[in-house]
Amino acid sequence: MDDLGSRLLGLESQLPHDRVPSFADLRALFEADRELFFSLVTAADEKSLGNSLRMLVRLARITAVLTRDGFEMATRSNQYIAEGTRGGFLPLVDAERDARLLEQLWSKSYLGDDFRGLKSAKGSMAEDQFFFGQFDWLDPIRRMRLFRVDAMDASAVVEGLPRYHKFQLLDSAQEVVVCPLIIGEGLRTDGPLKKGQAYYGKPRRRWLNDGTSVDAPASKLFAVYVDADGSVYDWDWKDESLCQPSSPVVVNTTPRLRYADARTDVAVLIVGNVFGQEVKPFRKGHPWYSVAGDCVFCYFEEREAYEERLDEFLTKYVAFDSGECVGFKLKYVSRLLDVVQRWSKQDDEAIVVHVQVDSVEVDLEFLMRAWLMRSLPKRLPLGAAMRLFEQLERNPKPEKVVIPREVAESV
Amino acid sequence: MPAMAQLMDDLVQDPWRTANPFTPEIREATAALLSNSNDAEREAVLAGWLRSTHQPCLFARIAVNEGRIRYCFLTDDDLRKTDRHLRAKIATHRFEWHQDARDGRADAFVIAVVSDRLAHAEPNTAMKKVALHLCHLYLEREIHEDAREDETLPLTDKDGLAWYRVGVDYFGSHADRRWYCDHRVPGGMMLTANSVGHMAACVRQGTVPTGDEEASRFAWALRTTMSLIDKTQSGPEGRCTYLLPISEKPTSRPCPFPAEMKIPKGIEGKNFEVYGGLYHTDHTVRSSFFRPDSDPPGEPFSDLDLTYLYDDVAGNDDFHEMSKGYK
């Protein structure tokens with residue numbers, strides 16, 4: 001192993017073990033070991049690095065691009081970012097201090113301190129490479145995508161979804177977006193999500209509802225689902241065997257799977273509208289509609305779970321500890337709403353769709369029945385779905401799915 | 001902070017200019033710049049201006065004659081677009097300049113705003129905001145008036161990468177026939193960053209053929225700078241910068257020129273530590289330039305520093321940062 005390799009290895013062991021590295025870590029490295037900071041951009045094949053170091057390298061490379069191309073400070077989804085004039089997004093932690101570092105790198109004003117004997121690294125090959133080196137990752141970073149969580153989905157995360165979702169978003173989802181192994185193209189067969197993507201990867205931890213983490217589960221990958229505009233609306237563990245491009249099981253299903261390309265699948269996820277938000281108690285049986293995902297999430301129990309797809313409409317959530325179904329996700333809601341709205345025109349059916357000023361409200365059970373109707377004759381055993389119906393019916397105070405009116409009316 | 005397009009809307013035409021029309025050289029060069037449709041033609045016009053004796057800077061003349069200036073032209077079309085567009089354009093040209101500087105091929109950068117509106121605008125607070133904002137888009141930080149704003153230029157030499165701090169200077173068409181006429185430029189507005197230290201290092205490397213045999217790059221830089229100051233033209237209120245006779249302003253250091261160096265007559269017996277001027281030569285955007293009248297500010301400066309060019313002593317940070325370079 002060369003000198004840089006061993007120093008990187010040493011650096012990896014110093015990176016945080018309970019969160020993803022941030023620009024604050026890069027800033028600290030700049031202060032502590034400038035030579036190593038500059039060297040990050042010269043690190044060899046990203047894929048050979050551990051996820052933690054790989055994320056730090058990614059941040060360093062984005063920084064290098066921004067200090068070549070110029071940048072603007074902006075706020076997106078309640079988070080400060082620096083946006084390159086030719087592309088590239090750098091999530092910031094402390095807007096003032098982070099901006100100062102970017103300015104120092106832009107103007108090289110950090111050299112003032114160096115010269116006066118406060119720092120050691122000056123005029124090194126690594127510094128030269130950081131500012132002027134030609135690399136094949138420069139243009140992909142300029143084309144990188146910025147993912148964020150839609151306000152409605154961010155609200156669901158802190159307003160009553162099982163708490164582990166927040167921890168998974170802040171940690172695992174960010175990690176997988178930067179370090180994907182597999183990419184799924186096309187999340188639906190039609191509509192806006194036809195161009196949506198799934199990022200599958202192996203984060204280092206699995207989070208529990210109490211905010212602690214355990215080792216990542218064997219034979220599972222973590223999936224992050226994002227629409228064509230970059231709105232992340234769902235993130236969960238699922239069986240690794242169902243995420244392999246070579247697997248015969250996944251042929252002819254959405255999404256179409258391929259191996260991630262470190263040069264082109266470049267994205268970063270910002271979570272400023274969830275980070276730091278207090279999480280409210282779990283809301284059992286509450287249906288959470290996602291505009292970006294055109295789906296409804298519903299959990300009967302607050303237990304950590306992984307996803308298991310039943311068909312193109314329905315995915316159930318299976319508890320890690322017991323294997324029981326603890327919730328489900330119903331997709332293509334706008335299609336199903338169309339069916340329910342047609343039913344509701346027949347008064348004697350007693351199927352009511354409430355149209356409010358801003359929203360349309362409908363019983364989740366009706367949407368489920370619409371799914372059942374669309375899916376008949378069933379190709380899959382109905383047992384799992386029937387148990388979901390039973391759980392729904394046991395809910396003493398069923399709540400309605402609230403769908404923004406513009407979405408409902410666009411059906 | 002308002003965007004450049006908004007700031008441009010606040011400009012008003014300069015009524016003073018009606019009674020004091022542009023000099024023929026500024027008028028003709030401005031017309032040529034405004035009528036050109038591509039940067040190559042604009043560069044030819046501006047290079048002609050920088051090469052001429054209409055502007056006093058000897059370093060600029062050396063740089064333009066040796067092809068060591070890199071240009072970024074911004075037109076009225078650019079100014080109507082977003083700040084992001086302006087940033088991107090400036091940054092792209094700046095990066096190319098830095099790359100060439102690193103290889104010893106360039107020392108100077110010119111951001112020239114070619115705009116009829118700017119060329120004929122009144123120098124007032126609104127125009128100062130445009131100048132400050134342009135500087136902000138270039139340097140990516142908050143810019144203060146009456147302060148030195150600088151950046152840093154790389155050069156690869158036999159020991160590796162060195163960096164040279166370089167001050168940014170402001171020029172405008174409105175300076176024509178005003179007391180600060182040595183800062184006039186055709187076409188509207190210009191920011192320049194011209195690293196004397198970088199050029200001096202390249203002189204030593206032999207990449208700038210000045211025809212000068214001098215062994216000391218620092219003495220060469222001092223001699224050229226003093227010659228430049230000595231030759232500045234007189235404006236309506238006298239010379240903007242001037243050398244001070246040692247007889248009136250004694251020096252405390254030994255003479256920095258090597259005994260064998262040829263010293264032009266104009267700088268013989270002149271103070272080599274400080275010089276005088278109507279404005280502070282280190283400052284980038286000078287508030288005194290942005291007043292509708294043409295009256296110079298009160299007391300001139302008599303302690304403008306020259307020692308940053310040659311005095312290699314501890315504590316002279318400007319020498320180490322601007323002339324010797326970081327290594």
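The expected span of a helix is 1.5 Å times one less than its number of residues. Helices (H or I, at least four residues) and strands (E, at least two) are DSSP runs, numbered from the N terminus. This is a predicted model, in which local features need pLDDT of at least 70 and side-chain atom pairs count only at pLDDT 80 or more, while totals for chains, interfaces and linings use all residues. Residues are numbered from 1 along each chain as its sequence is written, chains are lettered from A and ligands numbered from 1 in the order in which they are written, and side-chain values use heavy atoms, leaving out hydrogens and water.

**Stop one: a helix**

Select residues 95-107 of chain A, which form helix H5. Now colour the buried residues (under 20% relative accessible area with a 1.4 Å probe, protein chains only; exposed is over 50%, partly exposed in between). Among those of H5(A) are Asp98(A), Leu101(A), Leu105(A) and Trp106(A). Step on to Lys108(A), which follows H5(A) and has a positive phi, near 65 degrees.

**Stop two: a loop**

Go to Ser22(A), in the loop between helix H1 (3-14) and helix H2 (23-32) of chain A. Is Ser22(A) buried or exposed? Ser22(A) counts as buried because its relative accessibility is 17%. Beyond its neighbours within four places in sequence, Ser22(A) is in contact (heavy atoms within 4.5 Å) with Leu56(A), Leu59(A) and Val93(A).

**Stop three: where two chains meet**

Show chains A and B together. Their contact takes 28 residues from chain A and 29 residues from chain B. Find Asp128(A) and Arg102(B): they form a salt bridge, with the closest N and O atoms 2.6 Å apart. Such a bridge needs a side-chain nitrogen of Lys or Arg within 4 Å of a carboxyl oxygen of Asp or Glu. The rule finds three salt bridges across this interface. Which helix supplies the largest share of the side of chain A that touches chain B? That is H7(A), with four residues.

In chain A, look for the open sheet of three strands, ordered S18-S19-S20 with antiparallel pairing. Strands pair if DSSP finds at least two bridges between them. The edge strands are S18 (354-355) and S20 (400-404) of chain A, each pairing on one side only. Finish at Val355(A), whose bridge partner in S19(A) is Val360(A).
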